[in-house]
Amino acid sequence: MSQSLAVPTMAAFTASGEVPEVLFWVGCAGSFDDRARKITKAFVRILNAAKVKFAVLGQEETCTGDPARRAGNEFLFQMQALQNVTVLNGYGVKRIVTACPHCFNTLKNEYPALGGSYEVMHHTQFINALLKEGRIKVQGGGFNGKRITFHDPCYLGRGNNEYEAPREVLLKLDAALVEMKRSKQNGLCCGAGGAQMFKEAEPGAREVNHERGEEALGTKPDIIAAGCPFCNTMLTDGVKHFNKEGEVVVKDVAELIAEAGEL
Amino acid sequence: MIAQVVFGILLIAAIALFARNLGRIGRNIHLGKPEAINDRKAERWSTMARVALGQSKMVVRPVAGIMHSLIYAGFIIINLEVLEIFIDGLFGTHRIGAFLGGFYDFLIGSFEILAIGVLLACIVFIARRAIIQLPRFHKPEMKGWPSKDAMIILVTEIVLMCAFLTMNAADFVLQGLGAEHYTQAGSFPVSAAIASTLNLSNLQPSTLITMERTAWWLHIVGILGFLNYLVVSKHLHILLAFPNVWYSKLAPRTEFANMPRITGEVKSMIDPSVPPPDPAPARTVAGAEVPERFGAKDVFDLSWKSLMDAYSCTECGRCTSECPANLTGKLLSPRKIMMDTRDRLEEVGEAIDAKGKWEDDGQSLHSRISEEELWACTTCNACTQACPVNIDPVSIIMEMRRYKVMEESSTRPALTSMFNNVENNGAPWAFGADRRMEWTNS
Ligand code: SF4
Ligand code: SF4
């Protein structure tokens, strides 16, 4: 579904003297990666359906610095972070939602020490709240009888103790939520974190995403649900590695909700 | 009388040696960077109660967890018995606690039951290592000393428990015979059974006394020896687990500590009117100047907490068996990171002991931990989740990465281009800000 979306920027909001309910932090993957862009758009459709007044930073957004910091380049991280904090504070931003657990972690946990304190939510938490408040409704009919397994992103789960929000959202679909053996606290990394996404894996016997892909496929799922653009890429590749791309799809929680709500 | 004097000297020597070595470990830990950890005290106490005292992370793996809890309970309780042994040894009394009456019987009875529990648990643990050969005990870093260390600990505990039960068994029979000095006290559910199985009552009282005394001495000398073995062994965790958990990282696991000096530098880079921070003064550690570095080259550059982590590690390998890098055959093993850090720290400590001060030996943490290990970490924190004593290998890995990147400009080529992209385009890929909104109509 390729359609243009009218997405207001923070600059435009401020020019019209209005304050958005929340700033949507799109993130680099969400902005530039073809696959992740679909997640971004699905989430925007949800925001629109829920009539959430949101804005993005647009060209004023820049990498949070997460990959730089995890790769040991603290200078670069802080350059990015201080720049972002200046922009965010300049607009008086209070609430941020993002579909990337890595952006979520830096914005929520690491920016306060650099002068940027915001209420930050992961999009699965935000969607969960919208569902609970009845601002969006989904009929899970289309998912009836499907098996979904959720892969916990390390930076959301083990890092920030959020295991329930994505699951609560998925339970709104009339599907069977099946758990992998390694889930929640014991979840297995997709292999992308710590800046691994941007480099070759170190030599080993196999790739982390193949290990995880195999485990996910072991639950005989129709859908592998993800809550992170990097996990999404890694798991999609894992599924392809086992030639299962015809049978099993990897989708973000936001995409599933947008689909179920026919948004 | 001679026995009392010998015992007294032995006791004092053992405790003095122990105190000295413990002081040395404290000194080594303080070779690390100072870091204030004293916030959220209530949470720290409750974490310690739950994780260290309550063994909450041990029982995640039920077999090891239950066995370990048994040994742990045995250890704590039997220490009460050791107290009595100390007093009896010093004053030539016998079962000084006997005046407690029924309560004393109850105590001795429970020690016996725990002792047999400890005995069984140690046998199961040996079997897991030697017969079942659990993979996590046979990783490359476990070759040689580390696995010997584990066996020494388990065998010593078995010997100690056997000595304790033998002592009681002989004592029980002597009490029954009304032998002089052997006042009736205690209840002996396990050793009475041993005594009757082995027909100990057929032995001469003098033989029984020799047996009881030998076991008594073996038990107490063993305990004093074990006390001093702690400090050269991973068994040190029985002491350090408690403070280590108290000081554990309470921030979200994926939150990395800020480097305040860099904040100053970056602020002055962004805004030329802000003066750059004064260069950080070198620290004097063990008589040597340690320059302030970005990241960790050696143990001096790590937080003291990371060094305490290294001494607290029990080499159980739960971290490594959850590590995605290790699981997929990469060189990284978080347990090895902890062992290497401790080994390097010991090496530095020995050099300081020998020379009275620290002199650069041309080695560092990086001589033990390779780049390939460092770059394999996904910072997923499976290791910190798995560790039963809340050790944080990730912060050592991160500090070492920081050193590699910021002090040596040594990184993986693909990461260099990622850095360039972030710096020039504000994204890890080569897409400029002008394309940030393209997704709205793609
Ligand atoms: S954080 Fe690094 S060392 Fe720890 S389990 Fe994950 S990959 Fe392994
Ligand atoms: S770091 Fe923790 S989990 Fe890993 S071996 Fe040491 S004690 Fe065990």
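## Interface between chains B and A

In this predicted model, the area buried between chain B and chain A is about 5600 Å², with carbon and sulfur atoms giving 65%. Buried area here is the accessible area (1.4 Å probe) that two parts lose on being put together, summed over both. Contacts, defined as heavy atoms within 4.5 Å, link 61 residues of chain B with 69 residues of chain A.

The interface holds 4 salt bridges, each a side-chain nitrogen of Lys or Arg within 4 Å of a carboxyl oxygen of Asp or Glu. One of these joins A:Glu74 to B:Arg402, whose closest N and O atoms are 2.9 Å apart.

On the side of chain B that touches chain A, at least two residues each come from helices H9 (260-270), H12 (324-327), H15 (382-386), H16 (393-408) and H17 (413-425) of chain B. H9(B) gives the most, with 7 residues. The residues of this side divide into 32 nonpolar, 14 polar and 15 charged.

## Ligand shells

Ligand 1 has 13 residues around it, of which B:Cys323, B:Cys377, B:Cys380, B:Asn381 and B:Cys383 come nearest; a residue is near if one of its heavy atoms lies within 4 Å. H15 and H16 of chain B each supply at least two residues of this shell, which divides into 10 nonpolar, 3 polar and no charged residues.

The residues around ligand 2 include B:Cys313, B:Cys316, B:Cys319 and B:Cys387, together with B:Glu315, B:Arg318 and B:Arg335. Helices H11 (318-322) and H13 (334-355) of chain B give two or more residues each. This shell comprises 7 nonpolar, 2 polar and 3 charged residues.

An α-helix has 3.6 residues a turn, so residues three or four places apart point the same way.

## Basis of the values

Residues are numbered from 1 along each chain as its sequence is written, with chains lettered from A and ligands numbered from 1 in the order in which they are written. For this predicted model, local features need pLDDT of at least 70, side-chain atom pairs count only at pLDDT 80 or more, and totals for chains, interfaces and linings use all residues, while side-chain values use heavy atoms, without hydrogens and water.

Helices (H or I, at least four residues) are DSSP runs numbered from the N terminus. Ala, Val, Leu, Ile, Met, Phe, Trp, Tyr, Cys and Pro count as nonpolar, Asp, Glu, Lys and Arg as charged, and the others, Gly among them, as polar.
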